[in-house]
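This report describes selected features of secondary-structure packing and domain arrangement. Please consult the sequence and the coordinates alongside the text.

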Amino acid sequence: MDIINEEIQRVPQVLGKKSFKKVTDIIAKPSESPAPKWWVIGLLGSMSLAALLFSLIGYLIWDGVGVWGLNNPVGWGFAIVNFVFWVGIGHAGTLISAILFLFRQKWRTSINRFAEAMTIFAVICAGIFPGIHVGRIWAAYYLFPIPNSMAMWPNFKSALLWDVFAVSTYFTVSLLFWYVGLIPDLATFRDRATTKVKRFTYGLFALGWNGSNRHWMNYEKAYLILAAIATPLVLSVHSIVSFDFATSNLPGWHTTIFPPYFVAGAVFSGFAMVLTLLIIARKIFKLEDLITIRHLENMNKFILATGTMVGYAYAMEFFMAWYSANQYEAFAFINRAFGPYAWAYWIMVSCNVISPQFFWFKKLRTNIPIMFVISIFVNIGMWFERFVITVTSLHRDFLPSSWDYYIPTWVDIMTFVGSFGLFFTLFLLFLKYLPIISISEVKGVMEIADPHYYDHHTEDKQ
Amino acid sequence: MTFHGYLCEVDNPKELVTLSKKVCDSGYTKFDTYSPFPIHGIDKAMGIPASILPWLSLTGCIIGLSVALILQIWTNGIDYKIPLSGKPYISLPAFIPVTFELTILFTAFFTVFGMFALNKLPTWYQPIFNNKSFKKATCSGFFLSISCLDNNFDEIKTHSFLEKAGAKNIERIEEK
Amino acid sequence: MSQQIFPKWANTLPIIVLIVLVITLGLVVHLFWYWLSPKHLNVGYQPKQPIPFSHALHVENVGLDCRYCHSNVEKAAHSNIPATETCMNCHKQIKTDSPHIKKLTKHYENNEPIEWVKVHMLPDYVYFNHAAHTTAGVSCVQCHGQVNKMDVVYQAKPLSMGWCLECHREPEKFIWPKEKITDLNWRPTNQINLGLQLKETYNVNPGEACSVCHR
């Protein structure tokens, strides 16, 4: 064990001999050079998709939920599927940041900022869907305990309300965590800025940070505490999302395995999404020295582990359906695998359970094109998982007379596509204007950051 | 022209730790060091007591927990009792999720805004920003400042003390 | 000096922002609690009626009881707007040359109802039973205000759910003897004592669960 630890310790976090100035230069480069062509085209494309999203939301509010493909037994369709999909993606960010920080996994420094940003943008996309799914959007304030003329309070015993609190707390805490991490880097950008607008904007959000070690003391404590409270928070959020399903009495939803199964699935999909985006960003911004192949390999190990857990959960659901001897439960699962939506089920199984198994081989999990393809497969598979859970459980009601087949309308599909537009708009803006790697943290884990380093290397200067 | 104190620079983290130890040992208290990242062990060298932030977080935690419980018990259990899902009006197990989330939320608020308060952030205008060389502090520079409000401070003696201690580029922090 | 990005007064901004934030939060709660409530939106609604019928004149001067026209109020869930025939009981003889009564007579003769504009509206998802309330001793005045003083009827009470609940939770603060409910000028000397006594006599036991009103 010690040998392995030592081996891990010895792999340098930053490849090559770099000075502090050099690290700042590399990370600040994208925000200081003129916008590349791909970025402008990408931003225009995703902004038009985001515009599509907002116009379809307008259409939905104007016309009512009838523009969606919902029917009588299937009252939860794309909106809930997309919500759970996006919230799931939003899990890797805080997990990478918080849990890996607590376990002193130094390799996290090169990817945490990136993953946290992804979390926040994914949760923004997620929050849209239940918001518009309420139907009468002007009554959405019922969700919050605001004194009103009905003398009514929210029902705190409802899983749907737990979800409101869980997701909004998760968003707020993730945002604070991300922003606190950003403050020193924003100050770095402020002090490098050449134009007045940049100096003002970065300066405004840097809050006058000056790098004082008296401040760093409180800052590090704050970051540690945030990490410590964010860790159980990450685990709680998707557990609570799973309660939306698990506390109901519907066969296929009413399962005690749901909370851990959802958390594993969320981490799985979140890591896959981070990986997809990271591979692209690493290539484009030439960050190969900071985001090393070892970082990517570690992420693939996470994907393998969580993917296998998800596969175990799929199997366990079937086992419970048989072992409980409950015929409704048994029907729900046989119907899932062989019923009208069998196509969706088998897409899910092949993407989520089979594709990550390739990561057992070191050759494959260190091969960038292969991990890119697998990460895309996992993203697709995890969307289908939510589709399978939501739609196949609902479409066969207790009453055969109300059985129906759910087909999304063009509005459903384009709203989902539009949510990717919003996500990538935010993401591209982030790539261009904010430090995508935590500058101060990367410096903190460099060898020359340790005062003891100079005991042996007197010839080195910073 | 208001004089605020001296600002000086060193080359690397190790020298900053050594210098702050010397400054601290000479009895200065109103001094500060600046670096682009937190330096391991510098708080001991500077003689800074441990941060009180965890206590603020704990306060936030307790407030969040109480707010959540009071809110739920009062709204669902006292103000308007509605029989729902066969649960008691005050059903503590059903209140766990929201209680947990609000506890975390309040702890996070107290931690972040507590940190802001302890560090007096935001302070957008600071006299030290008048020194051009100080821009390096967020990139690759290691600085130390001694405030003129310190009891041991003397314009000439402190200057020569810093020089002797190995500090470079000693500048005056001034404000018009 | 050019090194500074922000002027010195910028350091006071956090406090200003904090104050603005607290005020905004207060305003948001006020928005939902008052501005978006029937208290603000519906009270005082006073539509123009096709014939300027004055309740004040008919009750105070003529001395009609509410139930002369709204005859179903004690018997049915719905309290009726009187038929034109009810008006004609008197107006066949009285003030027949007034232009308004001529209009009324025309409606009567053509067998066409008068299109009165409804003032007090409850949403469709609320089941309200007039008979259940009047027989429990809820006076007309509790929900409709002093109609006997109104020349043109307006909505006097908010009719919001919270307002309904005030009485459902503490009926003793509001109920009167049944024979007094149409006497809109009458006031009890000791409401609570009377209310508690009547609650017992009339067996008043209003619920506040969802299905009491939303059936």
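Are α7(A) and α9(A) roughly parallel or roughly antiparallel to each other? In this predicted model, helix α7 (residues 159-192) of chain A and helix α9 (residues 213-246) of chain A have axes that come within 9 Å and cross at roughly 150°. Angles over 145 degrees count as roughly antiparallel, and α7(A) and α9(A) are therefore roughly antiparallel to each other. The crossing in which α7(A) passes α9(A) is left-handed. The contact of α7(A) with α9(A) comprises 19 nonpolar, three polar and two charged residues.

Chain B is described next. Its domain assignment gives two entries, listed below.

| Domain of chain B | Residues |
|---|---|
| Domain 1 | 2-49 + 124-175 |
| Domain 2 | 53-118 |

Between the centres of domain 1 and domain 2 of chain B, taken over C-alpha atoms, the separation is 44 Å.

Chain B also holds an open sheet of four strands with antiparallel pairing, in the order β2-β3-β1-β4. Because β2 (31-34) and β4 (168-175) of chain B stand at the edges with a single partner strand each, one side of each is left without a neighbour in the sheet. On average, neighbouring strands of this sheet are turned by 25° against each other, direction ignored.

Within the sheet, strand β1 (residues 2-10) and strand β3 (residues 142-147) of chain B run antiparallel and are joined by six bridges. Opposite B:F142 in β3(B) stands B:V10. Helix α1 (residues 13-25) of chain B lies across β1, β2 and β3 of chain B, and runs at about 15° to β3(B).

Definitions and conventions:
Residues are numbered from 1 along each chain as its sequence is written. Chains are lettered from A and ligands numbered from 1 in the order in which they are written. This is a predicted model: local features need pLDDT of at least 70, side-chain atom pairs count only at pLDDT 80 or more; totals for chains, interfaces and linings use all residues. Domain bounds come from an automatic or database domain assignment. Two strands pair if DSSP finds at least two bridges between them. Helices (H or I, at least four residues) and strands (E, at least two) are DSSP runs, numbered from the N terminus. Axes are lines fitted to C-alpha atoms, for helices over the stretch in contact, and angles run from 0 to 180 degrees between N-to-C directions. Two residues are in contact if their C-beta atoms, placed from the backbone, lie within 7 Å. Angles under 35 degrees count as roughly parallel, over 145 as roughly antiparallel, 65 to 115 as roughly perpendicular and the rest as oblique. A crossing is left-handed if the near helix is turned anticlockwise from the far one by less than a right angle, and right-handed if clockwise. Ala, Val, Leu, Ile, Met, Phe, Trp, Tyr, Cys and Pro count as nonpolar, Asp, Glu, Lys and Arg as charged, and the others, Gly among them, as polar.
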